[in-house]
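Reader: I'm new to this one and would like a close look at a single part. Could you take me through the aromatic rings and what lies around them?
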Amino acid sequence: MGSCCGRFGAGRLVAAIRPQGKPEGVWALPKGNLDPGEKPEETAVREVFEETGVHGHLIEKLGDVKYTYTRRGGERVFKIVSFYLLRAGRGRIGDIDERMRIEVAEARWLPLDDAPRLLAYGGEREMVKKARDRFAS
């Protein structure tokens, strides 16, 4: 769960990560699993900070992405990922704890208007379109 937007200079930005092991140019939104007793929106705020170095402030839920994948060994897994719109607060993009380097190769700001074509995964592209549309109104 996660997603974070900021406003710097003339435009809005989205915090994106390149997952460890993925080639240059493969961008994704920060996300992760619920810790015991944690609410989904708390997970979003925590995961964005852990994976990007930016503290976010919850604005609203953007929506859910549902998909199925196959684990090694053939087990099919159905997954629901909830995305939240966060306003960027303190912190510096890419300034993450060394232990997170096993998950995150790089974090950077992407222009919100360009994010729908820069993100690698269809469901995440739809979520940033929702964020962009929210600011257009």
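Author: Start with tyrosine 67: it counts as partly exposed because its relative accessibility is 33%. Tyrosine 69 is also partly exposed, since its value is 29%. Those labels follow a simple rule, worked out with a 1.4 Å probe on protein chains only: buried is under 20% relative accessible area, exposed is over 50%, and partly exposed is in between. Before going on, bear in mind that this is a predicted model, where local features need pLDDT of at least 70 and side-chain atom pairs count only at pLDDT 80 or more, while totals for chains, interfaces and linings use all residues. Residues are numbered from 1 along each chain as its sequence is written, and side-chain values use heavy atoms, with hydrogens and water left out.

Now for the rings themselves. A pair of aromatic rings is described by how far apart the centres are and the angle of the planes. Rings of Phe, Tyr and Trp (its six-membered ring) pair if their centres lie within 6.5 Å; planes under 30 degrees apart are stacked, over 60 edge-to-face, and the rest tilted. That rule gives a count of 1 aromatic pair. The partners are tyrosine 67 and tyrosine 69, in a tilted arrangement with 6.3 Å centre to centre and 40° between the planes.

What about the strand around them? β3 covers residues 54–70, strands being DSSP runs of E with at least two residues, numbered from the N terminus. β3 and β4 run antiparallel and are joined by 14 bridges; two strands pair if DSSP finds at least two bridges between them. Across this pairing, glycine 63 stands opposite phenylalanine 83 in β4. The hairpin of β3 and β4 has 5 residues between the strands, and glycine 73 there takes a positive phi near 95°.

Another ring to look at is phenylalanine 135. Arginine 12 lies over its face, at 3.9 Å from the ring centre. The charged end of arginine 134 sits over the ring of phenylalanine 135 too, 5.5 Å from its centre. For a charge to count as over a ring, NZ of Lys or CZ of Arg must be within 6 Å of the ring centre and within 35 degrees of the ring normal.

Finally, stepping back, the protein has 3 helices and 5 strands, in the order β-β-α-β-β-β-α-α along the sequence. Of its 137 residues, 39% count as buried.

Notes. Contact means heavy atoms within 4.5 Å. Helices (H or I, at least four residues) and strands (E, at least two) are DSSP runs, numbered from the N terminus.
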